[in-house]
Amino acid sequence: MSILSLINNHDENLNQMIRNEAEYHKYLDEAGDSWHELTKTGISQEQKDLIEKIERASLCIGSVTSEVCYEKGFKDAVKLIMNHSYPS
């Protein structure tokens with residue numbers, strides 16, 4: 001697969017690639033089970049809202065971190081490709 005094909009197909013394949021990861025489902029199940037256990041304790045709606053706010057902020061932190069790492073990796077790959085001397 002060429003780099004251009006990878007770039008063109010990136011968005012449409014990414015969600016499927018994530019859904020195919022067993023580790024993704026492991027953590028999704030763990031989060032759901034933990035939330036269920038927490039709600040059984042009888043916490044207030046205000047407490048639930050605060051937990052959800054913390055969770056959203058944490059997910060955003062992870063998202064920003066992933067985006068920066070992806071961008072850095074892409075730039076590094078482009079530099080490697082541009083600096084690589086191919087035999088004629």
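Predicted model: local features only at pLDDT ≥ 70, side-chain atom pairs only at ≥ 80, totals over all residues.
**Entry 1: surface and overall make-up**

Residues are numbered from 1 along each chain as its sequence is written, and side-chain values use heavy atoms, with hydrogens and water left out.

How much of the chain counts as buried? I got 1% of the 88 residues. Buried means under 20% relative accessible area, exposed means over 50%, and partly exposed is in between (1.4 Å probe, protein chains only).

**Entry 2: the helices**

I counted three helices and zero strands in the protein chain. From the N terminus on, the order is α-α-α. Helices (H or I, at least four residues) and strands (E, at least two) are DSSP runs, numbered from the N terminus.

I checked the length of H2 next. At 1.5 Å a residue, its 19 residues should span 27 Å, and the end C-alpha atoms are 27 Å apart, which agrees. The expected span is 1.5 Å times one less than the number of residues. After H2 I found Gly42, whose phi is positive, near 85°.

**Entry 3: salt bridges**

How many salt bridges are there? The count comes to three, taking a salt bridge as a side-chain nitrogen of Lys or Arg within 4 Å of a carboxyl oxygen of Asp or Glu.

- I looked at Lys40 and Glu37, whose closest N and O atoms are 3.2 Å apart. They sit three residues apart in helix H2, so about one helical turn separates them. Lys40 counts as exposed at 55% relative accessibility, and Glu37 is partly exposed at 44%.
- I then went to Glu71 and Lys75, whose side chains meet at 3.0 Å, N to O. These two are four residues apart in helix H3, so they are separated by about one helical turn. Glu71 is partly exposed with a relative accessible area of 40%, and Lys75 is partly exposed with 47%.
- Asp76 and Lys72 form a salt bridge at 2.9 Å, N to O. Being four residues apart in helix H3, they are also about one helical turn apart. Asp76 is partly exposed at 29%, and Lys72 is partly exposed at 49%.

**Entry 4: the largest pocket**

Rolling a probe the size of a water molecule over the atoms shows where empty space is left. A pocket here is an open set of points on a 1 Å grid over the protein atoms alone, where a 1.4 Å probe fits, with protein on both sides within 12 Å along at least five of seven lines; lining residues have an atom within 4 Å of a point.

The largest pocket came out at about 160 Å³. Grid points are joined across faces, edges and corners, and the volume is the space filled by probe spheres set on the points.

Which residues line the largest pocket? I listed Ile18, Leu28, Ala31, Glu55 and Leu59. Helix H2 (22–40) and helix H3 (45–83) are the elements giving two or more residues to this lining. I sorted the lining into four nonpolar residues, no polar and one charged. For that sorting, Ala, Val, Leu, Ile, Met, Phe, Trp, Tyr, Cys and Pro count as nonpolar, Asp, Glu, Lys and Arg as charged, and the others, Gly among them, as polar.
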